[in-house]
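Please look over the sequence and the structure shown here before reading the briefing.

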Amino acid sequence: MAHKGSMKRTNWSVDVAGTGFTVLDRIYTDGGLADEALGGSCGNVLVSLAMLHRRVAPVLALGMDDTGEQLVREFSLAGANTQYIHRHAHLRSPILAQELDIRSGRHDFSFICPETKADFPRYRPIGHVELTSAMLVVSQCSVFFADRLSETILEAMTTARRAGATVFFEPSDIGEDGGLFDRALQVTSVLKYSADRLGDRLSNVQFPGIRIVTHGAAGLEVSAEGKSQWSEAIYSPNVVDTCGSGDMVSIGVIDWILTIGFSAVELGVSEILKGVVAGQRLATENCAYAGARGLFKARGADYVRQLLSEFHATA
């Protein structure tokens, strides 16, 4: 059963469609439950872009439960099109515990409830039911975002790329099926990953598109077609929480791609680097607040849009 969101309309054009890791974050600060909010890399990126007034369509499979209702509501309030979020009675919507120690800045993640020690429900990728219902937006979006991989997600990525979309793939792992991952790379326009997590496994892998490799507090490297450029991290004078920094970079890059209107085949190192720097600026400001979208919560989406607009005007 698909949730009929308030944004449903005929021929709704899409800037960004996407699927992947979307959960309810339960944030524990210094041992106590401090907040609950939509989270996960895919969730953070898509809901943030929706708050920035981009036309966003998440394609997800969630449970017919209170958690699923909260996730759909947050997407809807942000302005996203929620009609491609399917909710099923046999599923439980995913929950992730985040434990933040403000004093040390340490941020831990777990699928085990710190209060009851019970297992939280895990993320489930979309299936053919979800993809079939969303084929129109997948084939018409400007950017398709994915941070997890399955046969169905690969089909969505392939469909979007063949239709001319920029496919932004941000894997957290290669998984056991290396062949599936290799096939995904062939339809990926922008590949972004952490050097700490995947650098050893991907540094020598041939990839025809743009590669963004993050190196934590040191900065990141952007490369394509034999060209490479390093972008130093921007100093943050007040670091409360670094969670969500990578997502902020992705938000800046995707927003920049949509602003300049380049297709996947036109993107190069110099074009994408401007979006990278915009995202790094967001990440720096976000570090001053707790939570993956602390900047949005503390200052508001209009403030974030102003930051990006000022950067676009000078880039």
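Residues are numbered from 1 along each chain as its sequence is written, and side-chain values use heavy atoms, with hydrogens and water left out.

**Confidence**
- The protein chain has a mean pLDDT (the predictor's confidence in each residue, from 0 to 100) of 89, and 91% of its residues reach 70 or more.
- Over residues 1-11 pLDDT stays under 50.
- Where pLDDT is low, the predicted coordinates should not be read in detail.

**Thr19**
- Thr19, which lies in strand β1 (residues 16-19), is buried (under 20% relative accessible area, with a 1.4 Å probe and protein chains only), its own value being 1%.
- A polar atom of the Thr19 side chain lies 2.6 Å from the backbone oxygen of Val59.
- Beyond its neighbours within four places in sequence, Thr19 is in contact (heavy atoms within 4.5 Å) with residues including Cys42, Leu60, Phe144 and Ile153.

**Largest pocket**
- A pocket is an open set of points on a 1 Å grid over the protein atoms alone, where a 1.4 Å probe fits, with protein on both sides within 12 Å along at least five of seven lines; lining residues have an atom within 4 Å of a point.
- About 1,300 Å³ of space lies in the largest pocket, a volume being the space filled by probe spheres set on the points.
- Its lining has 44 residues, and the closest to the centre are Thr242, Gly244, Ser245, Gly246 and Asp247.
- Helix α8 gives the most to this lining, with four residues.

How values were computed:
Predicted model: local features only at pLDDT ≥ 70, side-chain atom pairs only at ≥ 80, totals over all residues. Helix = DSSP H or I, 4+ residues; strand = E, 2+ residues; numbered from the N terminus. Buried < 20%, exposed > 50% of the residue type's maximum accessible area, 1.4 Å probe, protein only. Polar contact = N/O pair within 3.5 Å; in protein donor to acceptor, adjacent residues only side chain to side chain.
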